[in-house]
Amino acid sequence: MEKAVILDADGVRRALTRIAFEITEKNQGVENVLLAGIKTRGVYLAGRLAQKLGEVEGKAPPVLALDVTPWRDDIPRAQRPLPPPDPRVEGAAVVIVDDVLYTGRTVRAAIEAVSHLGRAGRIQLAVLVDRGHREIPIRPDYIGKNLPTSKDERVRVRLTEVDGEDNVVIFEKEE
């Protein structure tokens with residue numbers, strides 16, 4: 001059951017604009033930045049960030065769609081086809097982009113995926129929502145919204161490209 005809308009479409013837009021400016025500042029521009037969006041919604045968020053960075057810097061950084069499935073710790077290793085290395089990763093400031101940071105397990109898999117693709121100069125993390133409850137010691141570099149939640153709640157990010165609307169909603173966990 002829906003409890004509250006945390007961010008509406010304008011809130012999502014403002015959060016992404018702020019993250020874009022922070023990425024530019026921390027990396028002294030975007031010349032050596034590669035955005036790696038975690039499938040599915042992270043890819044769309046990375047695309048939007050690239051567009052905003054292009055508006056600010058005059059050049060949009062490339063976007064990589066990152067499938068972390070082969071590195072998840074809940075899938076047997078024998079079933080993991082691995083993608084080939086990607087030369088864009090070499091020496092780049094890779095910003096992993098995801099919609100919600102919760103336990104940190106997806107981001108851990110994303111870091112392994114990026115490391116498999118090449119040797120990044122550095123890896124950073126941008127999330128639209130940080131809801132806490134880490135199981136792995138991971139902290140994002142860029143956060144759209146800190147949202148302390150209970151474990152009985154769920155956070156759903158809706159994006160126009162997938163869901164037909166932009167917002168972030170908190171739900172009660174269904175039993």
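The model is a predicted one, in which local features need pLDDT of at least 70 and side-chain atom pairs count only at pLDDT 80 or more, while totals for chains, interfaces and linings use all residues. Residues are numbered from 1 along each chain as its sequence is written, and side-chain values use heavy atoms, with hydrogens and water left out.

The largest cavity has a volume of about 30 Å³, a volume being the space filled by probe spheres set on the grid points, which are joined across faces, edges and corners. Two or more lining residues come from each of α1 (9–26), α2 (41–57), β4 (93–101) and β5 (122–130), and β5 gives the most, with 3 residues. Helices (H or I, at least four residues) and strands (E, at least two) are DSSP runs numbered from the N terminus. The lining divides into 8 nonpolar residues, no polar ones and 1 charged, where Ala, Val, Leu, Ile, Met, Phe, Trp, Tyr, Cys and Pro count as nonpolar, Asp, Glu, Lys and Arg as charged, and the others, Gly among them, as polar.

The helices α1 and α2 pack at an angle of about 60°, with their axes 9 Å apart. That makes α1 oblique to α2, since angles under 35 degrees count as roughly parallel, over 145 as roughly antiparallel, 65 to 115 as roughly perpendicular and the rest as oblique. Axes are lines fitted to C-alpha atoms, for helices over the stretch in contact, and angles run from 0 to 180 degrees between N-to-C directions.

The largest pocket, by contrast an open set with protein on both sides within 12 Å along at least five of seven lines, has a volume of about 370 Å³. Of its 18 lining residues, Asp 98, Asp 99, Val 100, Tyr 102 and Thr 106 lie nearest its centre, and β4, α3 (105–117) and β7 each give two or more residues to the lining.

Strand β7 also belongs to an open sheet of 3 strands, in the order β1-β8-β7 with antiparallel pairing, two strands being paired if DSSP finds at least two bridges between them. Because β1 (2–7) and β7 (153–158) each have a single partner strand, they stand at the edges, with one side left without a neighbour in the sheet. Between β7 and β8 (residues 167–172) there are 6 bridges, and Arg 154 stands opposite Phe 171 in β8.

Methods:
1 Å grid on protein atoms, 1.4 Å probe; cavity = no way out; pocket = protein on both sides within 12 Å on 5 of 7 lines; lining within 4 Å.
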